[in-house]
Amino acid sequence: VWFKLKEDVSDEQKQEMIDARDALPTQIEEISSLACGEDFCGRSKGYGVGLVVSFATRADLEAYGPHPFHQNFVARFKPLWNDVMA
């Protein structure tokens with residue numbers, strides 16, 4: 001998943017989102033692994049924050065989307081995004 005943040009997002013807001021994103025595996029047991037980071041090469045077409053989430057099964061992936069902790073993350077941080085690409 002790539003997040004294109006709005007231009008007026010502060011460093012503090014971005015860090016808050018990153019910290020919350022890093023907490024996803026502690027709350028959603030279906031996540032096998034999670035890797036994340038920020039674009040450092042400038043070739044991401046404005047998508048500056050990335051996330052790779054792995055699941056053991058398709059059922060685990062399907063449980064992730066509607067999971068309340070994931071939905072809370074989306075609702076909380078969606079106002080910071082211009083776009084999301086998954």
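1. Isoleucine 31 is buried, because its relative accessible area is 9%, under the 20% cut-off. The residue sits in strand 2. This is a predicted model, and the points below should be read as such.

2. Not counting residues up to four places away in sequence, isoleucine 31 touches Leu24, Pro25, Val53, Ser54, Phe55 and Tyr64. Take tyrosine 64: 33 residues separate it from isoleucine 31 in sequence. In space, the two C-alpha atoms are 7.6 Å apart.

3. Glutamate 30 deserves a separate look. It lies in the loop between helix 2 (24-27) and strand 2 (31-38). Glutamate 30 is buried, yet it has no salt bridge. Which side chain of opposite charge is nearest to glutamate 30? It is arginine 58, and that side chain is 15 Å away.

4. What does glutamate 30 contact, leaving aside its neighbours within four places in sequence? The partners are Ser54, Phe55, Asp60, Ala63 and His67.

5. The largest nonpolar core holds 18 residues. Within it, Phe3, Met17, Phe73 and Trp81 touch the most other members. Strand 1 (2-5), helix 1 (11-22), strand 3 (49-55) and helix 4 (68-77) each supply at least two residues of this core. Strand 3 gives the largest share, 4 residues.

6. With neighbours within four places in sequence left aside, phenylalanine 73 is in contact with Phe3, Met17, Ala20, Arg21, Leu24 and Trp81.

7. On the overall fold, the protein has 4 helices and 4 strands. From the N terminus on, the order is β-α-α-β-β-α-α-β. The radius of gyration is 13 Å, close to the 12 Å that the globule rule gives for 86 residues, so the protein is as compact as a globular protein of that length. Along the principal axes, the C-alpha atoms fill a box of roughly 35 × 25 × 20 Å.

8. Contacts and surface complete the note. Of the contacts with a separation of 6 or more, 65% join residues 24 or more positions apart. Buried residues make up 29% of the 86. The protein exposes about 5,600 Å². Carbon and sulfur atoms supply 51% of that area.

How values were computed: Residues are numbered from 1 along each chain as its sequence is written. This is a predicted model: local features need pLDDT of at least 70, side-chain atom pairs count only at pLDDT 80 or more; totals for chains, interfaces and linings use all residues. Side-chain values use heavy atoms; hydrogens and water are left out. Buried means under 20% relative accessible area, exposed over 50%, partly exposed in between (1.4 Å probe, protein chains only). Lys and Arg count as positive and Asp and Glu as negative; His and the chain ends are not counted. A salt bridge is a side-chain nitrogen of Lys or Arg within 4 Å of a carboxyl oxygen of Asp or Glu. Contact means heavy atoms within 4.5 Å. A nonpolar core is a set of buried Ala, Val, Leu, Ile, Met, Phe, Trp, Tyr and Cys residues joined through side-chain atoms within 4.5 Å. The radius of gyration is taken over C-alpha atoms; the globule rule is 2.2 Å times the number of residues to the power 0.38. Accessible areas come from the Shrake-Rupley method with a 1.4 Å probe; for residues, only the protein chains shown count as cover.
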